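Trainee: I am new to this structure and would like to go through it slowly. Could we take it one question at a time?

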Amino acid sequence: MLSAARWAAIARGLGLAARLGQATLMYFRGMTMNVLLPGATVSGDVLRAYQLARIDGNALMPAGVSVLLDRLSGLWILCAMSLASLIVALALGAIDWAGAIGVYIAALTIALTLPWLPIPVRSIEAKRKALLERRGPLVASAWLSALVQVFSAAALWLFGFAAGVELSYAAMLAAAAPIFIMGALPLGWGGFGAREAGAVLVLGVLGVAPGPATAVGLLYGLSAVLQGVAAAPLYLVTAGATPRS
């Protein structure tokens, strides 16, 4: 629900018609599509852009940009929160310092600076600048992005307990970025495989054995599958959308 609210806020910031009820309906339909088709979140994102563009007054390109900015906002806030949580966990002694931790801090820092780094390819650089110029809706919806990551990491944390992994919430939030990013890459079906590999890698640094770490990733992925299946009947609902004829 928070993810849908964030997307709706970004879309409205771009001048698109996107009521919260409509955005929620489209978002959950996208989750169902992610279950049905390969490509992790790509298939659902394409469907979201198409549905939004069918509402009177909306165009396909801005609708696609709203979905892209929605994803980029989530990823940037996720990296920022994982870095902040990692520093807090280190300060509180919840995580022991290791060489891999330093590499992870550097990787998160680089990820956070990427939007401001110029790209030598002119066409791509122009698109990067254009996206930065549209950062107003991202700033306005940042608090929603933060809440999305708070609850997503909480789900991961609880699945950790179910798998016998007893990490603090701060430690799990610190580890969340690679797990969620790998799960969003279009490398398989529903993020399965890549998400579990990310969990084994990053949770392994925190002392978690490969078996329980894999279970954490699998449980998180299965929860998304269940949500997608439960949302399937929403394809029969219009929620007041005004599609083009």
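**Burial, salt bridges and packing**

Mentor: E196 is buried, with a relative accessible area of 6%, where buried means under 20% relative accessible area, exposed over 50% and partly exposed in between, using a 1.4 Å probe and protein chains only. Before we go on, note that this is a predicted model, in which local features need pLDDT of at least 70 and side-chain atom pairs count only at pLDDT 80 or more, while totals for chains, interfaces and linings use all residues. Residues are numbered from 1 along each chain as its sequence is written, and side-chain values use heavy atoms, with hydrogens and water left out.

Trainee: Which residue forms a salt bridge with E196?

Mentor: A salt bridge is a side-chain nitrogen of Lys or Arg within 4 Å of a carboxyl oxygen of Asp or Glu. For E196 the closest N and O atoms of the pair are 3.5 Å apart. The partner is buried, with a relative accessible area of 6%, and that partner is R195.

Trainee: How many residues apart in sequence are the parts that R6 and D70 tie together?

Mentor: The side chains of R6 and D70 meet in a salt bridge, at 2.7 Å from N to O. Helices here are DSSP runs (H or I, at least four residues), numbered from the N terminus. Because R6 lies in helix α1 (residues 2-13) and D70 in helix α4, the pair ties together parts whose separation in sequence is 64 residues.

Trainee: Is R71 buried or partly exposed?

Mentor: R71 forms a salt bridge with D45, the closest N and O atoms being 2.9 Å apart. D45 lies in helix α3 and R71 in helix α4, so this pair ties together parts that are 26 residues apart in sequence. At 13% relative accessibility D45 counts as buried, whereas R71, with a relative accessible area of 25%, is partly exposed.

Trainee: At what angle do helix α4 and helix α8 pack?

Mentor: The contact is made by S73, G74, I77, L78 and M81 of α4 and by A142, S145, A146, Q149 and V150 of α8. Helix α4 covers residues 60-92 and helix α8 residues 142-162, and their axes, which are 9 Å apart, meet the question with an angle of about 65°. Here axes are lines fitted to C-alpha atoms, for helices over the stretch in contact, and angles run from 0 to 180 degrees between N-to-C directions, so the value asked for is about 65°.

Definitions and conventions: Helix = DSSP H or I, 4+ residues; strand = E, 2+ residues; numbered from the N terminus. Contact = heavy atoms within 4.5 Å.
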